[in-house]
Amino acid sequence: MVEISDQLGCLFSDSIEQDGGSYRIEVPKREIDNGSIVPGETYRVAILSAEAVDEERDSQSQSRSNTSESTTQSPPVKQGDKRTLSIESIGDQGDGIAKVERGYVVIVPGARPGDEVEVEIQNARENVAFAEVIEAVSSNTDKAD
């Protein structure tokens, strides 16, 4: 497996071309446009053989395939589940929004940011669930006293 530094600014593939008595690799314009590379600055360059890159890509692709199979499993909640949630924000329609495992969103009508509520999941979809408040464990107005 190829180790890649957390300081990696960009990654692209290109062929080495002879230019007179030297060799060069062209940096794609998109790397300049998106700010990954600034003309005139000095950078460290790592050269990986195409074979090593292909092996790593195949390994990552297989890993992503296995991960996507496990992440496309059912939502982390199901209808009828009871949960205690902390409301983090308000949605466009004025409903409370909480997040649970894997960043899954639960919409809770009537709840406000800062509220901690016991809810029952009414409808769970692939990327969002809708819940009803059973009991307010603590509310934002309690904290204002």
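I25 is partly exposed, having a relative accessible area of 35%; here buried means under 20% relative accessible area, exposed over 50%, and partly exposed in between (1.4 Å probe, protein chains only). This is a predicted model, in which local features need pLDDT of at least 70 and side-chain atom pairs count only at pLDDT 80 or more, while totals for chains, interfaces and linings use all residues. Residues are numbered from 1 along each chain as its sequence is written, and side-chain values use heavy atoms, leaving out hydrogens and water.

**The chain as a whole**

- The protein chain has 3 helices and 8 strands; helices (H or I, at least four residues) and strands (E, at least two) are DSSP runs, numbered from the N terminus.
- Starting at the N terminus, the elements follow the order β-β-α-α-β-β-β-β-β-β-α.
- The protein chain has 145 residues, and 19% of them count as buried.
- Among contacts (heavy atoms within 4.5 Å) between residues at least 6 apart in sequence, 39% join residues at least 24 apart.

**The sheet**

- An open sheet is formed by 6 strands in the order β3-β7-β8-β6-β5-β4, with mixed pairing; two strands pair if DSSP finds at least two bridges between them.
- The edge strands, β3 and β4 (89–90), each pair on one side only.
- Strands β3 and β7 run antiparallel and are joined by 5 bridges, and S86 stands opposite E116 in β7.
- Strand β5 (residues 96–99) pairs with β6 in the antiparallel sense over 4 bridges, and A98 has V106 in β6 as its bridge partner.
- β5 and β6 form a hairpin with 5 residues between them, and R102 in the turn has a positive phi of about 60 degrees.
- β6 also pairs with β8, in the parallel sense and over 3 bridges; V105 stands opposite V128 in β8.

**The nonpolar core**

- The largest nonpolar core has 14 residues, and L85, V106 and V108 have the most contacts inside it; such a core is a set of buried Ala, Val, Leu, Ile, Met, Phe, Trp, Tyr and Cys residues joined through side-chain atoms within 4.5 Å.
- Two or more residues of this core come from each of β6 (105–108), β7 and β8 (128–138), and the largest share, 3 residues, comes from β7.
- Not counting residues up to four places away in sequence, L85 touches A98, V100, V106, V108, D115, E116, V117 and V119.

**Salt bridges**

- Side chains of opposite charge can pair when their charged atoms come close.
- The structure holds 8 salt bridges, each being a side-chain nitrogen of Lys or Arg within 4 Å of a carboxyl oxygen of Asp or Glu.
- In helix α1, D33 forms a salt bridge with K29, their closest N and O atoms being 2.9 Å apart.
- D33 and K29 are separated by about one helical turn because they are 4 residues apart in helix α1, and both are exposed.
- K82 forms a salt bridge with E120, with the closest N and O atoms 4.0 Å apart.
- This pair links distant parts of the chain, 38 residues apart: K82 is in strand β3 (residues 82–86) and E120 in strand β7 (residues 116–124).
- K82 is exposed at a relative accessible area of 53%, whereas E120 is partly exposed at 27% relative accessibility.
- Salt bridges that share partners join E17, D19, R24 and E26 into one network.
- Within that network, E26 forms a salt bridge with R24, the closest N and O atoms being 2.9 Å apart.
- E26 is partly exposed at 47% relative accessibility, and R24 is partly exposed too, with a relative accessible area of 32%.

**A surface patch and a buried glutamate**

- I25 lies in the loop between β2 (22–24) and α1 (29–33).
- Together, I16, Y23, I25, V45 and I47 make a nonpolar surface patch of about 550 Å².
- Patches are made of residues with over 30% relative accessible area and no salt bridge, where like charges are joined within 9 Å and nonpolar side chains (Val, Leu, Ile, Met, Phe, Trp, Tyr) within 5 Å.
- E31 is placed in helix α1 and counts as buried because its relative accessibility is 6%.
- E31 touches C10, L11, F12, S36 and I37, not counting residues up to four places away in sequence.

Terms used. Areas by Shrake-Rupley, 256 points an atom, 1.4 Å probe, with all protein chains shown as cover.
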